[in-house]
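Subject: Structure handover

Hello,

Here is the structure I promised to pass on. Please open it alongside this message, and my notes follow below.

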Amino acid sequence: MTLIFDGHSFRYELESLCRFFFTGETVTSVWKDSPEYLGDYEEYILTTLREKEDRALLSVKARYRGREDEGQDTVCKGVPNFTQSCEFTFGVLIYRVLSQLTGVFPQWGVLTGVRPVKLFHSLLEQGMGEDKAKEYFQSHYLVSPQKAALASIIAENQRTILSHNRKKSYSLYLSMPFCPSRCHYCSFVSHNIEKTKKLVPDYLRLMKEEIRAAGRQAKELGLQLTSIYFGGGTPTSVSAQELKGILDTVAESFPVQDALEYTVEAGRPDTIDREKLQVLKDAGVTRISINPQTLQDRVLQGIGRNHTAAQAVEAFHLAREMGFQDINMDLIAGLPGDDLPGFCDTLDRVKQLSPENVTVHTLTVKRSSDIGGEYVSLYKASQDEVSQMVDYAQKQLMEEGWRPYYLYRQKNTIANLENVGYAKPGYESAYNILIMEEVHTILALGAGAVTKLVNPETGEIQRIYNFKYPYEYIRRFDEMMRRKEKVVSFFENP
């Protein structure tokens with residue numbers, strides 16, 4: 001499919017929206033006045049803007065599989081945010097034209113962003129009641145009634161934790177970019193620890209240095225710790241003694257006892273044993289993730305997970321035995337080789353374990369993942385079935401007492417669906433809410449981590465990026481640490 005721009009440059013949002021209708025396929029963009037424009041395309045979406053004295057005329061014309069449709073609208077030049085209004089109007093026109101041609105009706109309407117619940121919060125802050133905000137989501141953004149209701153429920157379930165946020169509140173994120181093996185669907189910065197073992201000692205040494213420096217900064221600035229989240233990768237892929245070294249450094253550098261929660265992703269069951277769980281317990285960790293992704297052995301084998309469903313269940317029971325009372329389990333809808341009966345069986349078995357948190361992800365296929373080359377067939381073959389998986393999870397979990405409390409979306413997700421965290425009442429993760437709604441500073445340490453400095457009073461956000469790969473993190477550590485001086489200037493010069 002070719003997306004053609006004539007008289008405007010609203011490329012990013014329009015490309016993102018078009019991909020919802022042609023998931024997994026290539027959408028090529030071209031400007032009509034550029035040398036690359038060929039003039040005759042078998043399948044195309046032509047977007048045209050013509051400015052008059054008092055208004056702009058917008059039109060969308062598309063051809064797909066031998067059928068054509070088109071739509072037009074105007075935007076008055078006197079409206080506030082004229083440029084944004086034109087871009088949004090193009091989005092609505094594209095949605096209406098392409099939904100008629102393709103039969104695809106993206107459930108999040110014209111919303112292309114990662115954080116739809118953040119937008120819902122903004123409507124409530126403008127004085128809309130819950131019902132009017134849901135109606136606005138449906139009429140203005142073309143969001144389905146089911147997704148508008150989900151956003152409303154989540155916004156309500158976040159209210160208590162968001163009310164405690166303050167200007168100098170912050171959370172701490174730690175990144176361990178190593179795993180026992182790389183899952184075929186993974187596009188994160190994670191490396192097979194056996195292949196990169198020689199990097200681990202230097203990485204851990206420098207990570208401790210970064211932790212100490214961040215602790216000094218936070219103390220000198222008078223920041224108040226809300227939560228700690230240790231992710232990756234898989235933090236428990238290193239030895240118990242190495243893990244203890246990092247956690248001891250955190251305890252020496254930060255007031256761990258002040259945190260509402262302290263999460264560690266012990267996500268891979270094949271990295272969990274009694275010794276490591278004891279290290280976590282001794283360090284004051286209050287919440288862990290044990291992430292099977294699926295409890296179907298054939299699917300686990302196919303995606304490169306070196307453990308069985310039985311091992312995931314055993315790891316869960318061991319954590320319970322050792323006193324962990326807040327456990328999250330991640331599941332993925334749409335894994336290669338899985339089907340609706342298999343996903344439903346997995347969810348039903350997880351419910352029987354009764355973890356405090358269940359996070360249901362929809363498979364996102366990135367080109368950087370091992371299955372990136374298979375993305376077209378994956379998307380096309382499973383969109384309807386994956387939608388049924390997500391619906392089944394929501395219905396079953398909510399009926400049995402888990403409440404949805406945070407949500408985010410990603411590009412290249414099957415059926416343009418979402419990732420949702422469900423929790424039993426009182427077990428909602430503060431970190432997940434605060435980072436997703438972007439109202440709270442995150443001091444992020446380790447390879448691939450992104451510090452996010454947030455002024456909740458003004459909405460200002462600044463980001464500081466750590467180097468992505470462990471070898472870069474090690475080699476350019478001093479350069480990276482100089483960037484962290486921006487943390488001080490952000491809080492001292494609001």
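Predicted model: local features only at pLDDT ≥ 70, side-chain atom pairs only at ≥ 80, totals over all residues.

**The pocket**

The second largest pocket holds about 450 Å³ of space. Its lining is made up of 18 residues. Nearest the centre are His-121, Glu-125, Leu-162, Glu-437 and Val-439. Two helices, α3 (116-125) and α5 (145-163), each supply at least two lining residues. Which helix gives the most to the lining? That is α3, with five residues.

**Helix α13 and what follows**

One of the residues nearest the pocket centre, Glu-437, belongs to helix α13 (residues 430-437). Seven of the eight residues in α13 are buried, so the helix is largely enclosed by the rest of the structure. The buried set is Ala-430, Tyr-431, Asn-432, Ile-433, Leu-434, Met-436 and Glu-437. Glu-437 is therefore a buried residue, falling under the 20% cut-off in relative accessible area. Just after α13 comes Glu-438, with a positive phi of about 55 degrees.

**Helix packing**

Two helix pairs are worth a look. Helix α1 (residues 11-21) packs against helix α2 (residues 82-102) at an angle of about 20 degrees. Their axes are 10 Å apart. That angle makes α1 roughly parallel to α2. The α1 and α2 crossing is right-handed.

How do α3 and α4 lie relative to each other, parallel or oblique? The angle between α3 and helix α4 (residues 130-139) is about 130 degrees, and the axes are 9 Å apart. The two are therefore oblique to each other. Here too the crossing is right-handed, as α3 passes α4.

**Backbone points to check**

The peptide bond from Gly-232 to Gly-233 is cis. Its omega is near 15 degrees. Gly-233 sits in the loop between β9 (224-232) and α7 (240-253).

Arg-65 is not a glycine, yet has a positive phi of about 50 degrees. Its place is the loop between β4 (55-64) and β5 (67-76). Is Arg-65 buried or exposed? Arg-65 counts as exposed, because its relative accessibility is 64% and the cut-off is over 50%.

Gln-293 also has a positive phi without being a glycine, at about 70 degrees. This residue lies in the loop between β11 (287-289) and α9 (297-302). Gln-293 counts as buried, because its relative accessibility is 9% and buried means under 20%.

All separations here are C-alpha to C-alpha.

- Glu-492 and Leu-221 are 271 residues apart in sequence and 7.8 Å apart in space. Glu-492 is part of helix α16 (residues 485-492). With a relative accessible area of 54%, Glu-492 is exposed.
- Leu-172 and Leu-225 are 53 residues apart along the chain, with 7.6 Å between their C-alpha atoms. Leu-172 is in strand β6 (residues 169-176). Its relative accessible area is 0%, so Leu-172 is buried.
- Glu-356 and Asn-328 are 28 residues apart along the chain, and their C-alpha atoms are separated by 6.2 Å. Glu-356 falls in the loop between α11 (340-353) and β13 (357-362). At 6% relative accessibility, Glu-356 counts as buried.
- Ile-4 and Asp-348 are 344 residues apart in sequence and 47 Å apart in space. Ile-4 is found in strand β1 (residues 2-6). Ile-4 counts as buried, at 3% relative accessibility.

**Where to start**

I would open the view on the second largest pocket, with His-121 and Glu-125 among the residues nearest its centre. Then turn to the cis bond from Gly-232 to Gly-233.

Best wishes

Definitions and conventions:
Residues numbered from 1 in each chain as written. Heavy atoms only, no water. 1 Å grid on protein atoms, 1.4 Å probe; cavity = no way out; pocket = protein on both sides within 12 Å on 5 of 7 lines; lining within 4 Å. Points joined across faces, edges and corners; volume = space filled by probe spheres on them. Helix = DSSP H or I, 4+ residues; strand = E, 2+ residues; numbered from the N terminus. Buried < 20%, exposed > 50% of the residue type's maximum accessible area, 1.4 Å probe, protein only. Axes fitted to C-alpha atoms, helices over the stretch in contact; angles between N-to-C directions. Parallel < 35°, antiparallel > 145°, perpendicular 65-115°, else oblique. Left-handed = near helix turned anticlockwise from the far one by under 90°.
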